[in-house]
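Here are a few friendly notes to read alongside the structure. Please keep the viewer open as you go through them.

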Amino acid sequence: MGRTLLVVLALFTPLVALVFEHVGNVRITERHHSHHDTYVVSAEFTRSLVLAMTFMAALGLLVAWLCDQDVFLPDAVTVLAFFDAFIVTCFVMWRLLCRYRVSTFGDTMAVTPLAGPKVWVRYDQIDRLEWSGLRVGTGFRNLVVWVGGRRAATILGFVDVEQILLSIDRFDLLPNTN
């Protein structure tokens, strides 16, 4: 029973992600609308996570089969559990990143975080902006937005932070780099 569940998980988790990547909404960045701009994690990045899941599922099933054929020593269930852990972790990360978005309006922005409710931030109420984390593929780090002395939202470096900063237009709140 355990082995069957692990095989099903290895087969269907990437398949579900592939189907949603293919038929789901396009998730493109929407710029220069009359009243808002929306920034999302690039489709290329989320697609690469799905392809990594698919590759690891195929590799895991192959290695597990080779273990069953006594080509490798480990138990096939252990091998499947290892690969399934990777696949499920990637699936959760993919799902959370697909949810993330930042919408900028004239005087406010709405951040839909990886988890939790949407956060609305008025630009004139921002106390400070702070860089955090490591640089990602876009060249930017995460930008933490502070309102009322508390962390209100985090703009992930995966989205177009530069354009979002231009919309906020509060460069005086960025840390001095001298």
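1. Let's start with a side chain: is R122 buried, partly exposed or exposed? With a relative accessible area of 34%, R122 is partly exposed, because that value lies between the 20% and 50% cut-offs. Please keep in mind throughout that this is a predicted model.

2. R122 is also worth a look for its partner. It forms a salt bridge with D124, and the closest N and O atoms are 3.3 Å apart. D124 has 54% relative accessibility and therefore counts as exposed, the cut-off for that class being over 50%. The pair belongs to a network of salt bridges that links D107, R122 and D124.

3. The count of salt bridges comes to five. Another one joins R128 and E130, with 3.1 Å between the closest N and O atoms.

4. D172 is exposed, its relative accessible area being 59%.

5. Now for the helix packing. Helix α2 (residues 43-68) packs with helix α3 (residues 76-99) at an angle of about 170°, and their axes are 9 Å apart. The two helices are therefore roughly antiparallel to each other, since angles over 145 degrees fall in that class. In the contact of α2 with α3, the residues divide into 24 nonpolar, two polar and one charged.

6. V19 is a handy example: its place is in helix α1, and at 43% relative accessibility V19 counts as partly exposed.

7. Last, a point about separation. E162 has its place in helix α4 (residues 161-168), and at 47% relative accessibility this residue counts as partly exposed. How far apart are the C-alpha atoms of E162 and V79? They are separated by 43 Å, the two residues being 83 residues apart along the chain.

Note on methods: Residues are numbered from 1 along each chain as its sequence is written. This is a predicted model: local features need pLDDT of at least 70, side-chain atom pairs count only at pLDDT 80 or more; totals for chains, interfaces and linings use all residues. Side-chain values use heavy atoms; hydrogens and water are left out. Helices (H or I, at least four residues) and strands (E, at least two) are DSSP runs, numbered from the N terminus. Buried means under 20% relative accessible area, exposed over 50%, partly exposed in between (1.4 Å probe, protein chains only). Axes are lines fitted to C-alpha atoms, for helices over the stretch in contact, and angles run from 0 to 180 degrees between N-to-C directions. Angles under 35 degrees count as roughly parallel, over 145 as roughly antiparallel, 65 to 115 as roughly perpendicular and the rest as oblique. Ala, Val, Leu, Ile, Met, Phe, Trp, Tyr, Cys and Pro count as nonpolar, Asp, Glu, Lys and Arg as charged, and the others, Gly among them, as polar. A salt bridge is a side-chain nitrogen of Lys or Arg within 4 Å of a carboxyl oxygen of Asp or Glu.
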